[in-house]
Amino acid sequence: MMKQMTFADAEYAGKRKEPRKELFLIEMNQAVPWKVLIALIEPYYPKGEGGRPAYPLMAMLRVHLMQNWFGYSDPAMEEALYETTILRQFSGLSLERISDETTILNFRRLQEKHELAIGILSVINGYLGDRGLSLRQGTIVDATLIHEPSSTKNKDGKRDPEMHQTKKGNQYYFGAKAHIGADDESGLVHSVEVTAANVADVTQVAKLLHGEEIVVCADAGYTGVEKREEHAGRKVIWQIAARRSTYKEHGKRSVLYKAIRKIEKAKA
């Protein structure tokens with residue numbers, strides 16, 4: 001349940017329109033199967049150390065989901081909880097005790113250690129599927145970098161071998177990469193694979209498809225995916241965005257260039 005508002009919060013809320021983020025959280029508060037997820041994680045959740053009680057599991061789960069929904073890093077999530085009333089209300093935390101970035105990181109690592117993330121995704125997808133939000137026949141694949149400080153060490157005090165440096169544009173990143181398959185109709189994420197940051201996006205596509213697709217959509221980073229051995233005989237339409245370099249020779253003012261750009265925007 002979302003934390004009850006104070007009189008000051010209620011007064012402020014009455015003077016403004018509900019922003020999009022708040023409406024989204026109200027909807028998620030009702031849609032997510034909280035009891036099932038808590039039951040999944042609870043056997044592995046620590047009870048607290050040194051007399052200091054652990055943060056409530058429900059609060060940490062809600063913080064974790066908000067971090068994923070809104071793309072916050074660990075420090076940014078901590079800061080947002082201090083600064084944004086609706087995020088605190090959704091989490092059930094108060095200003096007297098906010099989860100710090102280390103606690104947020106440790107909760108994510110707890111899920112990684114016990115492979116709980118896959119279970120959480122399966123529960124949510126199954127729950128939504130029971131309510132008519134089933135997968136359609138198109139999948140969008142993409143990847144996102146999970147950036148960590150290059151000083152990040154594992155429990156043995158060494159650089160984590162599951163993370164790696166990679167270059168995106170003109171900037172270098174160190175960390176991991178999340179490869180994601182999502183339904184093109186509902187936006188429902190049905191597949192996630194996590195690799196080191198330097199693993200090529202195109203190599204993970206087979207793990208991101210549910211097998212019933214007619215269409216697969218992706219950006220130019222997946223060029224050549226249809227030629228890979230693991231997709232031999234796969235009967236799908238590959239909608240892969242073209243690299244601009246493949247048609248810039250036509251000249252930006254030409255009719256052909258403009259027509260191709262429209263097609264690529266439609267793909268996007």
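1. In helix H7, the buried residues are Ile104, Leu105, Phe107, Arg108, Leu110 and Gln111; buried here means under 20% relative accessible area, exposed over 50% and partly exposed in between, with a 1.4 Å probe and protein chains only. H7 has 13 residues and reaches 18 Å from its first C-alpha to its last, close to the 18 Å expected at 1.5 Å a residue; the expected span is 1.5 Å times one less than the number of residues. Helices (H or I, at least four residues) and strands (E, at least two) are DSSP runs, numbered from the N terminus.

2. A word on the ground rules: this is a predicted model, in which local features need pLDDT of at least 70 and side-chain atom pairs count only at pLDDT 80 or more, while totals for chains, interfaces and linings use all residues. Residues are numbered from 1 along each chain as its sequence is written, and side-chain values use heavy atoms, with hydrogens and water left out.

3. For an overview, the protein chain has nine helices and eight strands. Of its 268 residues, 35% count as buried. Take the contacts (heavy atoms within 4.5 Å) between residues at least 6 apart in sequence: 55% of them join residues at least 24 apart.

4. How do H4 and H7 pack? Helix H4 (residues 57–70) and helix H7 (residues 101–113) meet at an angle of about 90 degrees, and their axes are 10 Å apart. That makes H4 roughly perpendicular to H7. On this scale, angles under 35 degrees are roughly parallel, over 145 roughly antiparallel, 65 to 115 roughly perpendicular and the rest oblique. The axes are lines fitted to C-alpha atoms, for helices over the stretch in contact, and angles run from 0 to 180 degrees between N-to-C directions.

5. From H4, the contact uses Leu57, Met60, Leu61, Val63, His64 and Gln67, which meet Thr103, Ile104, Phe107, Arg108 and Gln111 in H7. By type, the residues of this contact are six nonpolar, four polar and one charged. Here Ala, Val, Leu, Ile, Met, Phe, Trp, Tyr, Cys and Pro count as nonpolar, Asp, Glu, Lys and Arg as charged, and the others, Gly among them, as polar.

6. Do have a look at what follows H7. Glu115 lies in the loop between H7 and H8, and its phi is near 55 degrees, a positive value in a residue other than glycine. Glu115 is exposed, at a relative accessible area of 63%.

7. Helix H5 (residues 74–83) buries Asp74, Met77, Glu78, Ala80 and Leu81. Seen down the axis of H5, these buried residues fall within an arc of 160 degrees, so they line one face of the helix; the arc is that of the directions from the helix axis to the C-beta atoms. Their cover includes H4, helix H6 (85–91) and H7.

8. Ser122, in helix H8 (residues 116–130), is partly exposed at 46% relative accessibility. Ser122 and Ser191 are 69 residues apart in sequence, with their C-alpha atoms 9.3 Å apart. Leu188 sits in the loop between strand E5 (171–183) and strand E6 (189–196) and is buried at 12% relative accessibility.

9. Finally, is His231 buried or exposed? His231 is buried, with a relative accessible area of 3%, although its place is in the loop between strand E7 (215–218) and strand E8 (237–240). Leaving out residues up to four places away in sequence, His231 touches Val205, Ala206, Val225 and Trp238.
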